[in-house]
Amino acid sequence: MTIEAPAAAIDAAAIGAISERLAEPEWLRQRRRQWWARAEATPWPTGLEEEWRRTSLGELPRQAPLAIDAPSVQAELHPDLAAAGVVFGDIRAVASEQPELLQRVIGDTTTLDSHAHFWALAQAVWTGGTFLYVPAGVVIEDPLVAHVAQPGGGSAYFPLTLVIAERGSSVTLLEEVTSPDGEASWFGGIADVRVAPEARVRYANLQLLGDGAWHVGAQRVEVGQDAEVTTLNAEIGSSVTKLGLDLRMVGTGGTSRLLGLLAAGDKQHIDINTVQDLRASHTTSDLLYLSALYDEARAAFYGVTKVRAEAKGTSSYQECRNLLLSPKAGAEPIPVLEIETNDIVRCGHGATAGAIDPIQRFYAQSRGLSADEAERMIVRGFFEQVVAQIHSEPIRERVLDALAARIGSDLEAAA
C-alpha cells in the first residue's frame with residue numbers, strides 16, 4: 001500500500017493512515033503525532049548551513065509515494081538467544097508482539113540540529129526497520145545480520161533502526177540496505193544505537209541502494225561508562241547520500257571507533273557530517289573515513305570533534321582520506337576541533353585528497369601488473385586500513401564482496 005500524497009505534503013491524516021494500516025496502539029499513534037509536530041516545527045535546511053553547503057536537496061524526489069507495506073526486515077535469531085531475552089527482527093513485529101518493550105525505548109532521543117528535521121520525520125512516518133534488544137550480561141558471539149529492502153516503484157521509505165545493548169552485554173550487527181535500480185526514490189532511514197555501561201557493540205551498515213536512490217538519513221550513537229562501540233558505514237550505492245552521524249560519549253571511560261568506507265563512481269555524491277561529542281572524562285573516540293572516487297563522483301566530509309569543558313583526560317582523533325581515481329572526481333574534507341578544556345590527552349585531525357602516487361603506481365606495474373591491476377591493488381591496500389579493523393570474518397567478507405563491484409575483484413588479497 002502507498003499513500004499517494006507527495007512526501008513533502010505528509011500531514012496528520014497521513015500519519016493517522018499509517019497507524020490505521022498497522023493497527024497501532026494509542027500510545028504509538030500519540031508518539032507519531034508528537035514527532036510530526038516536531039518535524040513541522042523544525043526548519044528544512046536552507047543550504048546556507050555549513051553542513052548543507054555541499055549538498056542541494058533541489059532534486060530530492062519529495063513526491064515519491066510513501067511505502068507502508070515494505071518487505072519485512074529479514075533477520076534470524078537462534079532460539080537460545082530468544083530464550084535469553086534477546087529480541088531481534090522487524091520493528092513492526094515488536095510493536096505488535098512486545099509493545100511494552102517498544103514503548104519503553106522508542107522515540108525519546110534527539111540528534112544533530114543539522115539533521116533534526118529528518119530525524120523527526122522518520123520517527124513520525126517509519127513503517128519498518130530493524131529492532132535489536134540485548135539484555136544485561138548477554139554475550140552474543142556470532143554476528144547478527146539484518147536485510148532492509150526498500151520496495152521499487154520510486155517510493156519514499158523511512159525505516160527506523162533501534163539497537164539497545166544493556167549493561168555488560170555484547171553484540172555485533174550487520175545491517176544491509178538495498179533498493180532496486182531505476183526510478184528516483186527517497187530512503188530516509190535513521191539508526192538509534194544506545195550502549196549501556198560496560199557493554200560492547202559493533203554496528204556495521206552496508207549501503208547498497210539503487211542508482212536512483214537519495215539516501216538522506218542520520219545515525220545517533222550513545223556510549224555509556226566503560227562501554228566500547230565500533231561503527232562502520234560502507235557507502236557504495238545510491239545517487240546521493242547525505243548522512244549525519246551523532247556520536248555522544250556520555251559515560252566515563254567509554255571508547256568509540258567510527259569507521260567509513262566510501263566507494264563511488266559515475267556521478268555519485270556522498271556527503272558525511274559527523275560530530276564526536278566528548279561529554280565525559282577519560283573517554284576515547286577515533287574516526288577513520290576513507291573514500292575511493294571514480295569517474296565524476298564527489299565526496300564531502302564535515303567532521304567536528306567537540307570536547308566539553310567537563311570532559312577531562314580525553315583522547316580523540318579524526319582522519320578523512322580521499323583517493324581520486326579520475327581527473328573529474330572531487331573531494332572536500334573539512335575537519336573541525338572545538339576544545340573547551342586544556343586537560344586533554346590528545347585531540348587532532350588529518351585530511352587528504354589526491355590521486356595515486358605515480359611512483360607507487362610505477363612500482364606496482366614494474367612487478368608485472370597491468371595499469372588496471374596496479375590501480376586495484378593500490379585501492380585495496382588503501383582500504384585495508386579500515387578493513388583490518390573489521391574483526392568479524394563474515395562481515396569483512398560481505399563488505400569486501402560489495403566493494404568488489406566498484407573497485408574490481410580479487411579482494412581476497414586484502415583480507
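Student: In which loop does Asp266 lie?

Tutor: The model is predicted, so local features need pLDDT of at least 70 and side-chain atom pairs count only at pLDDT 80 or more, while totals for chains, interfaces and linings use all residues. Residues are numbered from 1 along each chain as its sequence is written, and side-chain values use heavy atoms, with hydrogens and water left out. Helices (H or I, at least four residues) and strands (E, at least two) are DSSP runs numbered from the N terminus. On that basis, Asp266 lies in the loop between strand 16 (255-264) and strand 17 (269-278).

Student: What is the phi of Asp266, and is Asp266 buried or exposed?

Tutor: Most residues other than glycine have a negative phi. Asp266 is not a glycine, yet its phi is positive, at about 55°. Buried means under 20% relative accessible area, exposed over 50%, and partly exposed in between (1.4 Å probe, protein chains only). With a relative accessible area of 51%, Asp266 is exposed.

Student: Where does Glu198 lie, and what is its phi?

Tutor: Glu198 is found in the loop between strand 11 (190-195) and strand 12 (200-208). Its relative accessibility is 48%, so Glu198 counts as partly exposed. Although Glu198 is not a glycine, its phi is positive, at about 65°.

Student: How many disulfides are there?

Tutor: A disulfide is a pair of cysteine sulfur atoms within 2.5 Å. For Cys320, the nearest cysteine sulfur is that of Cys347, 16 Å away, and Cys320 is in no disulfide. Cys347 is likewise in no disulfide. By this rule the count is zero.

Student: Is Cys320 buried or exposed, and what of Cys347?

Tutor: Cys320 has a relative accessibility of 4%, so this residue counts as buried. For Cys347 the relative accessible area is 18%, and Cys347 is therefore also buried.

Student: Which residues are in contact with His115, leaving aside its neighbours within four places in sequence?

Tutor: His115 is located in the loop between helix 5 (99-105) and helix 6 (116-125), and it is buried, with a relative accessible area of 0%. Contact means heavy atoms within 4.5 Å. Beyond those sequence neighbours, His115 is in contact with Trp52, Gly217, Ala218, Lys242, Leu243, Gly244 and Asn273.

Student: What separates the C-alpha atoms of His115 and Leu245?

Tutor: These two residues are 130 residues apart along the chain. The separation of their C-alpha atoms is 9.2 Å.
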